[in-house]
Amino acid sequence: MQILNDLLVVFALAVAVSLISHRLKLPSVVGFILTGTLAGPHGLALVPSSEEVAFLSELGVVLLLFSIGLEFSLSQLLRIKHIVFLGGGLQVALTTLVVWAIARQWAVDDHTAVTLGFLVALSSTAIVLKVLQDRMELESVHGQMSLGILLFQDMAVVPMMLLIPLMAGTEADALRAGMLLLWKSAGILLLVFFGQKWVLPRVLDRVVMTRSRELFLLTAVLICFGVAWITSAAGLSLSLGAFLAGLMLSESEYSHQTLASMLPFKDLFTSLFFISVGMILDVSFIAHNLTAVIGLAAAFMTLKPIICALVVLLMGYSIRVALACGLILAQIGEFSFVLCTVCLSNQVLSPTQAGLFLSASTLSMLVAPFLIARAPSWAARAEILPWPTMIRQGFLAKMLAGSEEKRPKLVNHLLIVGYGPVGRNLARAARIGGIPYCIVEMNPSTVASEKKRGENIFFGDASQPSILKHANIDSARVVVISLADPSTVRHITAAVKAQAPGVHLIARTRFVSEMEPLARMGADEVVPEELETSIEIFSRVLSKYLVPKEDVDRVVDEIRAEGYKSLSAANVPALSWCDIAEALPGVEIRSFRVSTGSPVAGQSIENLGLRKKFGVTVLAMGREGVLVPNPGPETVVNAGDQVVLMGAIEPMRQVHALFTHTS
């Protein structure tokens, strides 16, 4: 009954504080932490003990990591493995080393100094992922870099927990436990691989065949908590097990339904986690040690961004990405609280030291949502400072870009920024169409692997003028920004238009609301996923209901016109075929494919009389992959031929109907 009373108080207070936070435009995480501070034993004592709430909050972290695993997939994890192991390893090692060196200067013994390094090295997975997900920045470069480092930190918690008793004097026990843990970890990885490959597909197929939503949800929960329990029993963390469970399910065709079923529970229990963090905050202790707590929190949030930014720079990323990651990972993490408890039980830290650390850590977590939200914009402002070229572009940029002599100089080419799914499809389309192109990508491992396959790709931040120059931006015809991160897209748009105002720039964005700012910055076309996805969906729906194609096209035109109404006519994407000759107002250049059974097929260009009847000129004709310019009047047009025509808009529509009509 007591836990019900506690939850009632906590949720009632959370609703009130969250409404106030929303009115003040504060992040929801801050509202939850303040709720815990008010309701907890160190605040108004509405909840005298935080143990029950802490148990439920741990479930929130488990479900949060489970959902991240579902959205992430094993293939994505392998793609950022260099970030996880190299970036995360460097960050943890350097932070521990620097904190140890500073602590030794204050006459702290080696054992305590190393332990403090462990505590400071960890950041809050729950807070960072929550804020990045809310801001839809998890897929950005700084989001992927932060995620990779956080994953390594979570994995490093277990060896840290083993080393703390080792430093407390129980070496034999710790070493024996460490060897046992290695065997258990290897067994768990084999279990995950075996389950994902052979067991889960069969189980889920059987469950889905029952058509029972309840059974499906129970199975997903069983998998989540089952794998988490196995990892916990083996000495690993619950959250790491939940992440592995999500990865197991991510490769199945049921991952999206699983995620949709778990989201309400994840949001509920994750909010309880942040409330439990607020309950730890002892306001009276902070008041009596105000200078020490604030000074320690400031030291943490100054030291960690510098180290994290240095690691990202060493990984080859630009100064803007490095500074953004540093600010995102500046706080102390929730697993540091767990390690702090282990330190107290092994008498590595005194109660006073632990109290100072927990208070400063909670303050850093309270400030974290503000820093994470402002990290991209602050990093962009800092980027304009006179940094050395190597730091501005990243230490690996010159090496991965290759020499100018080795790369042929492109002219009238397509420049693709970003090599995610959109960029890959665009490159494939360019190869099929025989269009010269090059790619700029910020993932070093992707650049290295694609170079081996012969792809014309190089490493760099496309917001840097020197990188754009290396991509021959002055002679490019079209630039496509295929990235999803709004902040990065804006910076690249500004840089491209500053370097080459005449180039045709197409920018991808997620929401219609982001179109106008990009258009003001010079983007010639802005393609919002939100609008174009809805158009594609309703077009298919209308087709299934046998609505005539002409009516569907009319509705599409109307919806597009409504969606793009905030932009000038020059910024509205072309609705069909290819480029419109900018120097000839009212005239189009289009490429048509002659349909099988068309009345055009089998006739010569002279007999068609396109110029006489429609005022349309034949510029070129393609057959079997060969495009012949200015074909003679005796040339016969066959089904399947590609014909390039020039003419006014309305006659071109009539000719299009003629070429595609089948008798």
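The model is predicted: local features require pLDDT of at least 70, side-chain atom pairs count only at pLDDT 80 or more, and totals for chains, interfaces and linings use all residues. Residues are numbered from 1 along each chain as its sequence is written, and side-chain values use heavy atoms, with hydrogens and water left out.

I begin with helix α23, residues 486–499; helices (H or I, at least four residues) and strands (E, at least two) are DSSP runs, numbered from the N terminus. Its 14 residues reach 20 Å from first C-alpha to last, close to the 20 Å expected, where the expected span is 1.5 Å times one less than the number of residues. Among the buried residues of α23 are Val489, Ile492, Thr493 and Val496; buried means under 20% relative accessible area, exposed over 50%, and partly exposed in between, with a 1.4 Å probe and protein chains only.

Next, the surface. Phe193, Phe194, Trp198, Val199 and Val203 form a nonpolar patch with about 460 Å² of accessible area together. Such patches take residues with over 30% relative accessible area and no salt bridge, joining nonpolar side chains (Val, Leu, Ile, Met, Phe, Trp, Tyr) within 5 Å and like charges within 9 Å. A salt bridge places a side-chain nitrogen of Lys or Arg within 4 Å of a carboxyl oxygen of Asp or Glu. Phe194 lies in helix α9, residues 171–209, and counts as partly exposed because its relative accessibility is 45%.

Finally, the backbone. Most residues other than glycine have a negative phi. Ala45, however, has a positive phi of about 60°, and sits in the loop between α2 (28–39) and α3 (51–72). Asn412 has a positive phi near 60°, in the loop between α19 (397–401) and β1 (414–417).

How values were computed: Areas by Shrake-Rupley, 256 points an atom, 1.4 Å probe, with all protein chains shown as cover.
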